[in-house]
Amino acid sequence: MNTRTFAKAAALTLAATTALGAAAPAMAANTCRNVQLEVINNTGGKINIVDIDYWDPAKGRDGGWRSEPIKNETLNNNRTWRETRNLEKVNKRRTKMRVEYRIKGKLGGWSFKKYKKNSGSFTCDARDTVSVTLK
């Protein structure tokens, strides 16, 4: 290996190390990991959960909703649905969860209208549990 080849290899190694070192703190900063989302059905009947969203204060100029897509879940009255998710880009900022669901329609199917209910506002941290009670 001549001096020129060695210099190129050293420069590439330094660049790669610097790039990885800079990326590590950014990835480690996502502290809103393994958050347990919980929906409690106290509506008096069956519901069908169609979407879970969370508020990202850094999305756009004034913040915005981000979706956590889920498989539509039918939830009987007095039952609880739970799932653990990572809420990307929220970190330790104020956020909230929103549940979109349908109720039983008059003809036996699910309502066309989607109902929405938000959780209270909270500061997101790892392993938090966030609940929304539907009444």
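User: Which residues form a disulfide here?
Analyst: Cys32 and Cys124 do, with their sulfur atoms 1.6 Å apart. Keep in mind that this is a predicted model.

User: How many disulfides does a search of the whole structure find?
Analyst: One.

User: OK, and are Cys32 and Cys124 buried or exposed?
Analyst: Both are buried.

User: Why is the disulfide called right-handed?
Analyst: The torsion about the S-S bond of Cys32 and Cys124 is about 65°, so the disulfide counts as right-handed.

User: What does the pair tie together?
Analyst: Cys32 sits in the loop between α1 (3-28) and β1, while Cys124 sits in the loop between β9 (122-123) and β10, so the pair links parts that are 92 residues apart in sequence.

User: Switching to strands: what order do they take in the open sheet with β1 and β10?
Analyst: The order is β5-β1-β10, three strands with mixed pairing. The edge strands, β5 (79-85) and β10 (129-134), each pair on one side only. From one strand to the next, the twist averages 15°.

User: How do β1 and β10 pair?
Analyst: In the parallel sense, over six bridges, with β1 covering residues 35-41. For instance, Leu37 has Val130 as its bridge partner in β10.

User: And the largest nonpolar core, which residues touch the most other members?
Analyst: Val39, Ile49, Ile52, Trp81, Met97 and Val99, out of 21 residues in that core. β1, β2 (47-56), β7 (97-103) and β10 are the elements giving two or more residues to this core. β2 gives the most, with four.

User: What does Val39 touch?
Analyst: Leaving out residues up to four places away in sequence, its contacts include Ile49, Ile52, Leu75, Trp81, Val132 and Leu134.

Note on methods
Residues are numbered from 1 along each chain as its sequence is written. This is a predicted model: local features need pLDDT of at least 70, side-chain atom pairs count only at pLDDT 80 or more; totals for chains, interfaces and linings use all residues. Side-chain values use heavy atoms; hydrogens and water are left out. Two strands pair if DSSP finds at least two bridges between them. Axes are lines fitted to C-alpha atoms, for helices over the stretch in contact, and angles run from 0 to 180 degrees between N-to-C directions. A nonpolar core is a set of buried Ala, Val, Leu, Ile, Met, Phe, Trp, Tyr and Cys residues joined through side-chain atoms within 4.5 Å. Buried means under 20% relative accessible area, exposed over 50%, partly exposed in between (1.4 Å probe, protein chains only). Contact means heavy atoms within 4.5 Å. A disulfide is a pair of cysteine sulfur atoms within 2.5 Å.
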